[in-house]
Amino acid sequence: MSILNGQALLSSAMAGLSNTYTTLMSDKSNSSKGLTIEDLANISPQTLASLGYNSSFLQYMTTNFKDLDNDGDGQLSGKDMQNLMNTMQSKGMTYMELQTLCTANGTDNSLLSTVLTYFNQIDANGDGRVTSEEITKFSADCQKEEALSKYKSFRATSASLYYSEGVEDDTSSVLDSLRPNLNGNSSNS
């Protein structure tokens with residue numbers, strides 16, 4: 001497993017949300033300071049087509065409208081979106097957020113698949129969110145375990161290094177034959 005780039009995953013989701021919000025705000029006909037639920041429900045076909053793969057972000061914003069509208073004024077303002085992105089950056093993303101916001105937006109599917117598969121193991125503090133740091137730590141721990149497993153066969157065994165099968169007398173004679181004698185010559189010569 002290569003190092004999982006959690007920052008890229010979260011950044012991709014936040015960029016998609018930001019781009020979708022900006023596109024939807026530019027399509028608005030009224031001059032309100034944010035997007036209403038009606039704005040999200042009545043998007044022009046041209047704007048919808050321009051969103052392309054970002055339609056999952058539109059779905060997320062519509063489905064979670066009340067949670068995203070921090071001040072409860074019935075509009076998703078730039079401040080509401082910034083609060084969402086700050087939360088994602090500092091507290092991470094839930095399983096549902098990852099699944100919704102990272103599935104179709106050009107994210108590395110193997111990275112997303114790995115994070116979703118191991119979500120509960122990655123979520124080290126058990127808060128239901130994974131952060132970039134948790135993803136990176138999980139990846140490093142997996143690589144460490146992989147290396148330990150791979151090189152386990154290279155560990156020293158309990159067998160003597162000097163044991164030579166077939167030598168009936170003292171095993172030190174095997175060593176003596178390899179050691180130079182006092183005159184500087186090998187005892188084999």
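Colleague: Why is Cys142 called partly exposed?

Modeller: In this predicted model, where local features need pLDDT of at least 70, side-chain atom pairs count only at pLDDT 80 or more, and totals for chains, interfaces and linings use all residues, Cys142 has 23% relative accessibility and therefore counts as partly exposed, since buried means under 20% relative accessible area, exposed over 50%, and partly exposed in between, with a 1.4 Å probe and protein chains only. Residues are numbered from 1 along each chain as its sequence is written, and side-chain values use heavy atoms, with hydrogens and water left out.

Colleague: What makes Cys102 count as buried or exposed?

Modeller: Its relative accessibility is 0%, so Cys102 counts as buried. Of the 189 residues of the protein, 34% count as buried.

Colleague: How many disulfides does a search of the whole structure find?

Modeller: The search finds 0 disulfides, a disulfide being a pair of cysteine sulfur atoms within 2.5 Å.

Colleague: How do you know what the 19 residues of helix 10 should span?

Modeller: Helices (H or I, at least four residues) and strands (E, at least two) are DSSP runs, numbered from the N terminus, and the expected span of a helix is 1.5 Å times one less than its number of residues. For helix 10, residues 132-150, that gives 27 Å, and the end C-alpha atoms are 27 Å apart, so the two values agree.

Colleague: Which residues of helix 10 are buried, and what covers them?

Modeller: Ser132, Glu134, Ile135, Phe138 and Ser139 are buried in helix 10, and their cover includes helix 1 (6-27), helix 8 (109-117) and helix 9 (119-122). An α-helix has 3.6 residues a turn, so residues three or four places apart point the same way. Helix 8 in turn buries Leu111, Leu112, Thr114, Val115 and Leu116, and what covers these includes helix 1, helix 7, helix 9 and helix 10.

Colleague: What volume has the largest pocket, and which residues are closest to its centre?

Modeller: The volume is about 160 Å³, and of the 13 lining residues Tyr60, Asp67, Leu68, Leu84 and Glu97 are the closest to the centre. Two or more lining residues come from each of helix 5 (65-68), helix 6 (78-91) and helix 7 (95-102), with helix 6 giving the most, 5 residues.

Definitions and conventions: Contact = heavy atoms within 4.5 Å. 1 Å grid on protein atoms, 1.4 Å probe; cavity = no way out; pocket = protein on both sides within 12 Å on 5 of 7 lines; lining within 4 Å. Points joined across faces, edges and corners; volume = space filled by probe spheres on them.
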